[in-house]
Amino acid sequence: LRFLNASANKLEMLPPATLSEETHSILQELYLTNNNLTDKCVPLLTGHPHLKILHMAYNRLQSFPASKMAKLEELEEIDISGNKLKAIPTTITNCRRMHTVIAHSNCIEVFPEVMQLSEIKCVDLSCNELSEVTLPENLPPKLQELDLTGNPRLALDHKTLELLNNIRCFKIDQPSAGDASGAPAVWSHGYTEASGIKNKLCVAALSANNFCDNREALYGVFDGDRNVEVPYLLQCTMSDILAEELQKTKNEEEYMINTFIVMQRKLGTAGQKLGGSAVLCHIKHDPMDPGGCFTLTSANVGKCQTVLCRNGKPLPLSRCYMMSCEEELKRIKQHKAIITEDGKVNGVTDSTRILGYTFLHPSVVPRPHVQSITLTPQDEFFILGSKGLWDSLSMNEAVEAVRNVPDALAAAKKLCTLAQSYGCNDSISAVVVQLNVTEDSFCCCELNGVPPPSPGIFPQSVNVVIKDRPADALGMPSSSSGMASEISSEISTSEMSSEVGSTASDEPPQVTMNENSSAYPGEQRCMLHPVCLSNSFQRQLSSATFSSAFSDNGLDSDDEEPIEGVFTNGSRVEVEVDIHCSRTKEKQLLQVPMEASDEGIVISANEDEPGLPKKPEYSATGTIGRWRGNGSVAPQERSHNLIEVATDAPLRKTGGYFAAPAQPDPDDQFIIPPELEEEVKEIMKQHQEQQQQQQRQYPMDHLADYYDTPL
């Protein structure tokens, strides 16, 4: 016997390897995850000296004796996550071939001696109680991944961080800015990823706790089956496409369907022969309906799915369109597609609705299944998972497994660990979003109250993970919480975003705001309708959209610093606008005279009549009433009805595939031939003299309706 999987049982004890003192066991892989095993079982493992893979996650282990670990010299991979271990035995250094140590969700306080192992490649110590990290002078040469997220007491000095930054995939929590109001968060998330037996990470996850504004969120999981390209393209581009579609329509089904169709086009050549499954979940609150609740909209193609836990019961929000569906089979037969014996369209895919595979159109289409549901206080969390997760776990099992796990990151890791122990060899991605929807989710601007906000006022808006796995990478979990940072020496988010589309993440400035403070004095605002702060910018839906000189394919680079108040995304310039709770008074109207500058001309709200004496100007404080970098004028503090207009699109660096230098408008220039220069100068001089003579004869009583120009 070389392979034994006894996971997901109620085992409390293991049988001995042999009844005699000598053992002849050649067992190499042993999976005992999700049982009730205690410390008494560990000595029995020494009867299997040839063990290479040992999974004992989510049992009742409190210690692992050092003497027993020393006898498992051939061990290469160990997973002891989800127990109550306080330390990993130092004799793990005897396991010279050890390349993977997974020990998340324990109570480990001391950093183990894993860095002494020359073959170590992957170490996962997330969700523990580490306070410091002890490292050798030189890191192991083959170390590729180190996960230290979910250790709240961990503090790393500058020297240690510099050393760890050399690891291809190093993950650690970012310091949290916290919530200014101190109110509980409405949602929080955690996600994890694991490469499969093919040693390639063919999945990707998207998480945006604050999408478009701080009362919206977007989460996604993408699965490329056996290709890496499509998931990364979806991860980098899909959130920006959805943001654009939200400006065109507010209907959930329309903007979700349009997002998937536009994404199909933007896949370009990568989507011709490759494909990928995708699921998107968008949480939004309708600001036009103060008494409204949060709405969760799920859209999926392929085998990526979402399930919502309501009152402890699973509520599926996705549907897989397969050859077994009668309506899909009928549609495919109408297009005369070839259905092979294994139930695949042209022998390629058994999903009839999936992104990519454009050569199979119209048999295979990207139209998603869309379902919207109103969130209630009975909704506890929802799970987004890739094909590998749902092939290994049923929705009932997934909900029951993580319902009592308080931390979203630990919940996502548990799902991934269970799927791997149950025999999943594919890449896995899981996102768990915990909900805290209260009854008082309503607009309280008039009540001078503040309901519970989403996580932070201006926290990190989009978190994505982009990794590049080599051919010898291992199929080990790779996880990250919502605030985790990815430090990779191989490929960066900005590099990937400049290749495939708009930027994958936006980092608005961190702003601290007192609970009672307001950008507009004398006006109480709720978190459903936050004020537009002058010194910060959120990525919001705009009411004013301008076309730019760049291409519509989203392939332009955007690596310059953002301009305050303006968000540009390849083909659009979005201007921050706030017209909520407008209280216009004649006394508070803005008085700004017409001015001209290099950036353009701005006309005031109340334009002075020609010939009348100018009214005194208001003194501007801060950025209010001043010119901004993008050519717009900020309104006075007491004015709420002015919409800021960008008079000139922000300049951008040349980059991307189709970025060409801007061409001047022929109407804006006048070319004088060299032989006519003297004549033209003479004509212009005569015209100026005539004008001066007219001004002396006729005083300027009124402004003329039009003027004659010299040319």
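At 11% relative accessibility, Tyr357 counts as buried. Buried means under 20% relative accessible area, exposed means over 50%, and partly exposed lies in between (1.4 Å probe, protein chains only). This is a predicted model: local features need pLDDT of at least 70, side-chain atom pairs count only at pLDDT 80 or more, and totals for chains, interfaces and linings use all residues. Residues are numbered from 1 along each chain as its sequence is written, and side-chain values use heavy atoms, with hydrogens and water left out.

**Overall make-up**
- The protein chain has eleven helices and 27 strands. Helices (H or I, at least four residues) and strands (E, at least two) are DSSP runs, numbered from the N terminus.
- Of the 711 residues in the protein chain, 51% are buried.
- Take the contacts in the protein chain between residues at least 6 apart in sequence: 66% of them join residues at least 24 apart. Contact means heavy atoms within 4.5 Å.

**Aromatic pairs**
- The structure holds four aromatic pairs. Rings of Phe, Tyr and Trp (its six-membered ring) pair if their centres lie within 6.5 Å; planes under 30 degrees apart count as stacked, over 60 as edge-to-face and the rest as tilted.
- One of the pairs is Trp187 with Phe294. Their centres are 5.5 Å apart, with 90 degrees between the planes, and the pair is edge-to-face.
- This pair links distant parts of the chain. Trp187 lies in strand S9 (residues 187-194) and Phe294 in strand S13, 107 residues apart.
- Trp187 is buried, at 1% relative accessibility. Phe294 is buried too, with a relative accessible area of 0%.
- Tyr357 and Phe359 have ring centres 6.4 Å apart and planes at 75 degrees, so this pair is edge-to-face. Phe359 is partly exposed, at 45% relative accessible area.
- A charge also meets a ring: the charged end of Arg353 sits over the ring of Tyr321, 3.9 Å from its centre. The cut-offs are NZ of Lys or CZ of Arg within 6 Å of the ring centre and within 35 degrees of the ring normal.

- Strand S13 covers residues 294-301, and eight of its eight residues are buried.
- Phe294, Leu296, Ser298 and Asn300 point one way from S13. Thr295, Thr297, Ala299 and Val301 point the other way.
- S13 pairs with strand S12 (residues 275-285) in the antiparallel sense, over eight bridges. Two strands pair if DSSP finds at least two bridges between them.
- Lys284 has Thr295 in S13 as its bridge partner.
- Strand S17 (residues 369-374) runs antiparallel to S13, joined by six bridges. Here Leu296 stands opposite Ile373.

**Helix H6**
- H6 spans residues 326-334, and Glu328, Arg331 and Ile332 are buried in this helix.
- The face turned away from the buried side carries the exposed residues Glu326, Lys330, Lys333 and Gln334.
- Just after H6, Lys336 takes a positive phi of about 60 degrees.

**Nonpolar cores**
- The largest nonpolar core has 45 residues. Leu75, Met98, Leu125 and Leu148 touch the most other members.
- A nonpolar core is a set of buried Ala, Val, Leu, Ile, Met, Phe, Trp, Tyr and Cys residues joined through side-chain atoms within 4.5 Å.
- A second, separate core has 31 residues, including Leu201, Leu218, Leu234 and Leu242.
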